[in-house]
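Subject: Handover of a structure

Dear colleague,

Please find below the structure that I am handing over to you. My notes on what was found in it follow directly after.

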Amino acid sequence: MHASQGRSAGLGLALASAFAFGGSGVAAKPLIEAGLDPLHVVWLRVAGAALVMLPVAWRHRDLVRSRPVLLLGFGLLAVAGVQACYFAAISRIPVGVALLVEYLAPALVLGWVRFVQRRPVTGAAAVGVVLAVGGLACVVEVWSGLSFDAVGLLLALGAACCQVGYFVLSDQGSADSAEGVEPPHPVGVIAYGLLIGAAVLTVVARPWGMDWSVLRGDTAMNGAEVPAWLLLVWIVLLATVIAYVTGVISVRLLSPAVAGVVACLEAVIATVLAWVLLGEHLAAPQLIGGALVLTGAFIAQSSTPKAPSGPIASGAGGERTAVEGELPAGRTAF
């Protein structure tokens, strides 16, 4: 696959992942309003996806022996950590504030790449992050319900840090490919991450106390009656399985920094879907914020990388090292 084709495919997958993740809240809100605890909805989401991915986990069972640390980190951070911290945060601070703090993750990814890995980043990628975060502030209207609950803000920051772990861990296979080592299969990593996340969330959510009767009835969605089981299928298959698979592969085809910026579109997509499906109308500042997020993602993606004298995290992620070159034909970058 040519580098430019890899970037195009990666951008498309990143957008698909943002759309899939963005629909989770729209599908989950009617279930919560019908009587399910938010943490129980999270458990259903992760446990259901883990069950779907169980055959994949068995097929890639060699990962348990060869990559136990990667699987454990992905399950704890990218799955259980993000979900648990975010839902704990919104129990103490407004949803808008928690979402904005969580989506500081792209900026934290750049900080990780620049100061921990000591790899240069382009100015355009940094500008894209700034625009995206500023746009998110408008999308969620952070000024309408700001709270200074220290514990809540720390929990939201914890969700952001766990999301950094998602992008960084998703990029592990790129280094393996550059060194001539067979990289871990992306779908296998996701499958075991979901299994580990489900196990952790089972302890936290305690689903044995859940009101299972809610799933047998209908829920209200903007005046329409929708079967609860159908919303659960949406959350499990689209908002989790497809979202994680496309997201992880996009990180490998782009870079953690660029994929993180594109992932900011999740908030915009969630707001638009809520407008269409739940009747939650967009205000003018939210429309302006959505435009800023899109602009930031475009700038980061279209920036030209510096001449590669070593690893580079930039707005165009297909040519990150002088060693990697082009992606091998007929395979993904994982």
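**Two loop residues**

Arg206 lies in the loop between H11 and strand E1 (218-221). Helices (H or I, at least four residues) and strands (E, at least two) are DSSP runs, numbered from the N terminus. The model is a predicted one, in which local features need pLDDT of at least 70 and side-chain atom pairs count only at pLDDT 80 or more, while totals for chains, interfaces and linings use all residues. Residues are numbered from 1 along each chain as its sequence is written, and side-chain values use heavy atoms, with hydrogens and water left out.

Although Arg206 is not a glycine, its phi is positive, at about 50 degrees. Arg206 counts as exposed because its relative accessibility is 52%; here buried means under 20% relative accessible area, exposed over 50%, and partly exposed in between (1.4 Å probe, protein chains only). Asn222, in the loop between E1 and strand E2 (224-227), also has a positive phi, near 55 degrees, in a residue other than glycine. With a relative accessibility of 48%, Asn222 counts as partly exposed. As background, most residues other than glycine have a negative phi.

**The chain as a whole**

The protein chain has 15 helices and 2 strands. Of its 334 residues, 53% are buried. Contact means heavy atoms within 4.5 Å. Among the contacts in the protein chain with a separation of 6 or more, 84% are between residues 24 or more positions apart.

**Helices H11 and H12**

The axes of helix H11 (residues 186-205) and helix H12 (residues 228-253) come within 10 Å and cross at roughly 135 degrees. Axes are lines fitted to C-alpha atoms, for helices over the stretch in contact, and angles run from 0 to 180 degrees between N-to-C directions. H11 and H12 are therefore oblique to each other, given that angles under 35 degrees count as roughly parallel, over 145 as roughly antiparallel, 65 to 115 as roughly perpendicular and the rest as oblique. On the H11 side, Pro186, Val187, Ile190 and Leu194 meet Thr240, Tyr244, Val245, Val248 and Ile249 of H12. The residues of this contact comprise 8 nonpolar, 1 polar and no charged (Ala, Val, Leu, Ile, Met, Phe, Trp, Tyr, Cys and Pro count as nonpolar, Asp, Glu, Lys and Arg as charged, and the others, Gly among them, as polar).

Ser17, in helix H1 (residues 3-33), is buried because its relative accessibility is 6%. Not counting residues up to four places away in sequence, Ser17 touches Tyr166, Ala243, Thr246 and Gly247.

Helix H9 (residues 150-170) includes Val151, which counts as partly exposed at 41% relative accessibility. Val151 and Arg92 are 59 residues apart in sequence, yet their C-alpha atoms are 7.7 Å apart in space. Gln163 is also found in helix H9, and this residue is buried, with a relative accessible area of 9%. Leaving aside neighbours within four places in sequence, Gln163 is in contact with Val82, Glu102, Tyr103 and Ala105.

**Helix H14**

The 14 residues of helix H14 (residues 265-278) should span 20 Å at 1.5 Å a residue, and the end C-alpha atoms are 19 Å apart, which agrees. The expected span is 1.5 Å times one less than the number of residues in the helix. Among the buried residues of H14 are Leu265, Val268, Ile269 and Leu278. Gly279, with a positive phi near 75 degrees, follows H14.

With kind regards
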